[in-house]
Amino acid sequence: MTARRPLPPALRGGPFRVRDALRRGVSPGRLRARDLARPFHGIRAPGVPSSAEGRARALAPRLRKDQVFSHRTAAGILGIPLPHGLERDPRVHVTTIGTDQALRVRGAIGHRTRAGRVRTVFSGTAQLTHPADTFVMLGPLLSLDELIVAGDALVGWLGWCTIEELVSAVRRHRGSRGLRTVRAALREIRPGSRSPGETRLRLVLTRGGLPEPALNHDVVEDGRWVACVDLAFPEARIAIEYESDLHRTDARTFRKDLTRGELLKDVGWWLVRATADDVDVLAEAFVRRVRRLVATGADGRHDIRPQGGPRTFA
């Protein structure tokens, strides 16, 4: 077997355009070799990309300076949580900014927008739409609650932008599709959330008639930090923790959860644990339970701390 001729150094380790390879003296036969994948027409890569960032990186050599990754693709690169159906969609979204025609490549979806409407950022792979603009572009693709989760992530645990930046992006995109849903989502986005589960839990509680819970609340007693809890009703001394599968399968997380619960109990707080069912099929029952606990806690009936301060035992 004849060894394959090495590619020029400039083409190794990443995707490249076929025409660039031909200009560097690579033969058509070498470009048909099995060690090179063909993720898009006119592109060769050392492997088949599977992630959003990998597919974007593979298409990047074909983009012009006025074209940026957007919509679901930009969201995937930024780490914005998306429904599984969108996460599995392999198509790459590219927006052309200005008057030139949209990208037309099999495996990609081309969009156009006028200059000045969209801000861009550099991801380390290529240009993509600013996180706030990406949020607005997700409007036609996501449900209201999915958009709230995305917005909570952007202004919360991802920290890519502020609520003010989201509002400004909505103004820039006046007249775009899905803007009614985006505006509705903006009214329910809150900074401070650290996971999609926490966001869904907050929505279940507030839509069930309960007041806004404090997010990632630090419980402090007599100047001593006790624990940080996902959601809390401090006046009622109620803490709520959203338990994902990690809390069940990871031993360290499981032990930490048990310790947190005992520490909270010691200072007269109730800890309520919520699972995926409590924000879905059991939501109504969960809200009723929390409402009863909040009412009880507001009266001080579950506070077991000794009156007049903690006792000291000899």
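Strands are DSSP runs of at least two residues, numbered from the N terminus. One of them, strand E3, covers residues 67-69 and holds Val 68. The structure is a predicted model, with a mean pLDDT of 89 for the protein.

**Confidence**
- A pLDDT of 70 or more is reached by 91% of the residues.
- Residues 308-314 stay under 50 in pLDDT, and for this stretch the model has two contacts beyond four places in sequence.

- Val 68 has 2% relative accessibility; buried means under 20%, so Val 68 counts as buried.
- Leaving out residues up to four places away in sequence, Val 68 touches His 93, Val 94, Thr 95, Ile 97, Thr 120, Gln 127, Leu 128 and Thr 129.
- The C-alpha atoms of Val 68 and Phe 122 lie 9.5 Å apart in space, while the two residues are 54 apart in sequence.

**Helices H7 and H10**
- The crossing in which H7 passes H10 is right-handed.
- On the H7 side, the contact is made by Leu 144, Asp 145, Ile 148, Val 149 and Asp 152.
- On the H10 side, these residues meet Pro 196, Thr 199, Arg 200, Arg 202, Leu 203 and Arg 207.
- Sorted by class, the contact of H7 with H10 comprises five nonpolar, one polar and five charged residues.

Technical notes. Residues numbered from 1 in each chain as written. Predicted model: local features only at pLDDT ≥ 70, side-chain atom pairs only at ≥ 80, totals over all residues. Heavy atoms only, no water. Left-handed = near helix turned anticlockwise from the far one by under 90°. Helix = DSSP H or I, 4+ residues; strand = E, 2+ residues; numbered from the N terminus. Contact = heavy atoms within 4.5 Å. Nonpolar A, V, L, I, M, F, W, Y, C, P; charged D, E, K, R; others polar. pLDDT = per-residue confidence, 0-100. Buried < 20%, exposed > 50% of the residue type's maximum accessible area, 1.4 Å probe, protein only.
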